[in-house]
Every structure is written in C-alpha cells, then in structure tokens.
Amino acid sequence: MGGAIVWLVNAVISLMVWAIIGTAILSWLFAFDVINHRNRFVNQLSQFLDAVTRPLLEPFRRIIPNLGGIDISPIVVLLLLEFARRLFNGMAAPSLITLLG
C-alpha cells in the first residue's frame, strides 16, 4: 500500500512538472507569434494548462517581481516541486523498508 502512495505522489508531481513546461513553451510560441489563439485545439490546450498550473504559479507571480517581461515563477515552482518530491521520497523510504522488511 505504501508503494502505491509513493508512486501516486511521484506521478502527480511529474504531471505537474510537464504541465508547467508545456505552459511555458506555449507562452513562448504565443509571444513569438508561431501559433495563435484562433486555432481551436491550441486555445483549448492553453486554457486547460493554464487552469491546471495557475493555482501553483499565481502565488509566486505575486511575490516574484517581473524581470523585464520574463516570468521566472515556473522555474521557482519546478525547483520547489523537485524539492518536495525528494523530501517525500526520503521520508517514505524508511517506512517502506520497514513495511517490506
């Protein structure tokens, strides 16, 4: 049971990391006019990724100042997610060893 919870937490963190990366790439593509919001699929994908990542990114966007149009909040959130993953795995490893041993 413990292994399944560790797998689930790691999977959710991985999905959030990929969603943040996807959001950043889409914002760059919009900024350089490679793609636009008129495409229905792109617009829906952009809205979905924004809805998923906004709760994580918005608090950091309020705190971190805008650096000349560059938003570094995704980098900060990615670092914090990796820190949380390592912390969780480090805390879960001893309990898994006890359960399996």
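## Val 17 and Arg 85

Leaving aside neighbours within four places in sequence, Val 17 is in contact (heavy atoms within 4.5 Å) with Leu 78, Leu 81 and Arg 85. This is a predicted model, in which local features need pLDDT of at least 70 and side-chain atom pairs count only at pLDDT 80 or more, while totals for chains, interfaces and linings use all residues. Residues are numbered from 1 along each chain as its sequence is written, and side-chain values use heavy atoms, with hydrogens and water left out.

Arg 85 lies in helix α3; helices are DSSP runs (H or I, at least four residues) numbered from the N terminus. When residues up to four places away in sequence are not counted, Arg 85 touches Asn 10, Ile 13, Ser 14 and Val 17.

## Nonpolar cores

The largest nonpolar core has 7 residues in all: Ile 13, Met 16, Val 17, Ile 20, Leu 57, Val 77 and Leu 81. A core of this kind is a set of buried Ala, Val, Leu, Ile, Met, Phe, Trp, Tyr and Cys residues joined through side-chain atoms within 4.5 Å. At least two residues of this core come from each of α1 and α3 (73–100). The most is given by α1, with 4 residues.

Apart from this core lies another, of 5 residues, including Leu 26, Phe 30, Val 42 and Leu 49.

## Packing of α1 and α2

The axes of helix α1 (residues 2–31) and helix α2 (residues 40–63) come within 9 Å and cross at roughly 125°. Such axes are lines fitted to C-alpha atoms, for helices over the stretch in contact, and the angles run from 0 to 180 degrees between N-to-C directions. The two helices α1 and α2 are therefore oblique to each other; angles under 35 degrees count as roughly parallel, over 145 as roughly antiparallel, 65 to 115 as roughly perpendicular, and the rest as oblique. The crossing of α1 past α2 is left-handed, a term for a near helix turned anticlockwise from the far one by less than a right angle.

On the α1 side, Met 16, Ala 19, Ile 20, Gly 22, Thr 23, Leu 26 and Phe 30 meet Val 42, Leu 45, Ser 46, Leu 49, Val 52, Thr 53 and Leu 56 of α2. The residues of this contact comprise 10 nonpolar, 4 polar and no charged. In this division Ala, Val, Leu, Ile, Met, Phe, Trp, Tyr, Cys and Pro count as nonpolar, Asp, Glu, Lys and Arg as charged, and the others, Gly among them, as polar.

## The loop between α1 and α2

Asp 33 is found in the loop between α1 and α2. Phi of Asp 33 is near 55°, a positive value in a residue other than glycine. At 61% relative accessibility, Asp 33 counts as exposed.

Val 34 also lies in the loop between α1 and α2, and this residue is exposed, with a relative accessible area of 57%. A distance of 19 Å separates the C-alpha atoms of Val 34 and Asp 71, which are 37 residues apart along the chain.

## Further positions in α1

Ile 25 is found in helix α1 and is partly exposed, with a relative accessible area of 39%. C-alpha to C-alpha, Ile 25 and Ile 70 are 13 Å apart in space, and they are 45 residues apart in sequence.

Gly 3 has its place in helix α1. This glycine is partly exposed, with a relative accessible area of 41%. The C-alpha atoms of Gly 3 and Leu 78 are separated by 24 Å, with the two residues 75 apart along the chain.

Technical notes
Buried < 20%, exposed > 50% of the residue type's maximum accessible area, 1.4 Å probe, protein only.
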